[in-house]
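Please keep the sequence and the structure in view while reading.

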Amino acid sequence: MKAALIGIGGVLAVVVVGFMIFISINNKIIDRDETTIQAWANVETVLQRRYDLIPNLVNTVKGYASHEKELLEEVTRLRSQWGAAKASGNAAQSVKSAGMLESALGRLMVVVEKYPDLKANQNFLALQDELAGTENRISVERRRYNESVAAYNKMIRKYPGSMVAGMKGYEKKTPFEAAPQASAAPVVEF
């Protein structure tokens, strides 16, 4: 009888320890998941700042570069596309839209080089400074987001986290990547 009680106690101890390990791993995954969600929210905050600056920038450039209509319309369209992706809550689509918008803004800045009067305009200079500061913030927040995604993805892919992640349905997150056109250097033509 005493041996049976010791055996049951041992099994019960193993079950309790196993359950505690499961809870601990699950909590770590939740912490990393929440860190990733917060990091993405920070990225969206600075992307929203860029989104808010774009109409002012486009309107300022419009006055000087009216024949660059196609590019200005593309920037406006991509701004709307990013807004729709953000509203849908689809982080992957938001990442893709933000990359395309960034590329279009880069081309817009190249166009600006053609207009010396525009480059000297105080409103444009102030907007350009705001946009440059925003782009720096976006870069920092993207890096932080990618770091949190990497930590989360490692946690759910390594043993024993992979077992808990599989049981609880945690899925791999997508890091923020540059748009394919971002690797091409902009062409400046005068």
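## The annotated span

Helices (H or I, at least four residues) and strands (E, at least two) are DSSP runs, numbered from the N terminus. An unreviewed UniProt entry lists residues 6–25 as "transmembrane region"; UniProt positions follow the numbering used here, feature names are shortened, and annotations may be inferred rather than shown by experiment.

The model is predicted: local features need pLDDT of at least 70 and side-chain atom pairs count only at pLDDT 80 or more, while totals for chains, interfaces and linings use all residues. Residues are numbered from 1 along each chain as its sequence is written, and side-chain values use heavy atoms, with hydrogens and water left out.

## Helices α2 and α3

Two packed helices are described by the angle between their axes and the distance between the axes. Helix α2 (residues 69–88) packs against helix α3 (residues 91–112) at an angle of about 160°, and their axes are 9 Å apart. Axes are lines fitted to C-alpha atoms, for helices over the stretch in contact, and angles run from 0 to 180 degrees between N-to-C directions. The helices α2 and α3 are therefore roughly antiparallel to each other. Angles under 35 degrees count as roughly parallel, over 145 as roughly antiparallel, 65 to 115 as roughly perpendicular and the rest as oblique.

The contact (heavy atoms within 4.5 Å) includes L71, L72 and W82 of α2 and M100, L101 and L108 of α3. By class, the contact of α2 with α3 has 13 nonpolar, four polar and four charged residues. Ala, Val, Leu, Ile, Met, Phe, Trp, Tyr, Cys and Pro count as nonpolar, Asp, Glu, Lys and Arg as charged, and the others, Gly among them, as polar.

## Helix α5 and its neighbours

The axes of α3 and helix α5 (residues 122–157) come within 13 Å and cross at roughly 145°. Among the residues in this contact are L105 and M109 of α3 and F124 and L131 of α5.

The axes of α5 and α6 come within 5 Å, crossing at roughly 90°, which makes α5 roughly perpendicular to α6. Here M155, I156 and R157 of α5 meet G161, S162 and A165 of α6. The loop between α5 and α6 contains P160, and a cis peptide bond joins Y159 and P160, with omega about 5°. Most peptide bonds are trans.

## Salt bridges

How many salt bridges does the structure hold? There are eight, each a side-chain nitrogen of Lys or Arg within 4 Å of a carboxyl oxygen of Asp or Glu. D33 lies in helix α1 (residues 2–64) and K173 in the segment after α6 (161–168), so the pair ties together parts that are 140 residues apart in sequence.
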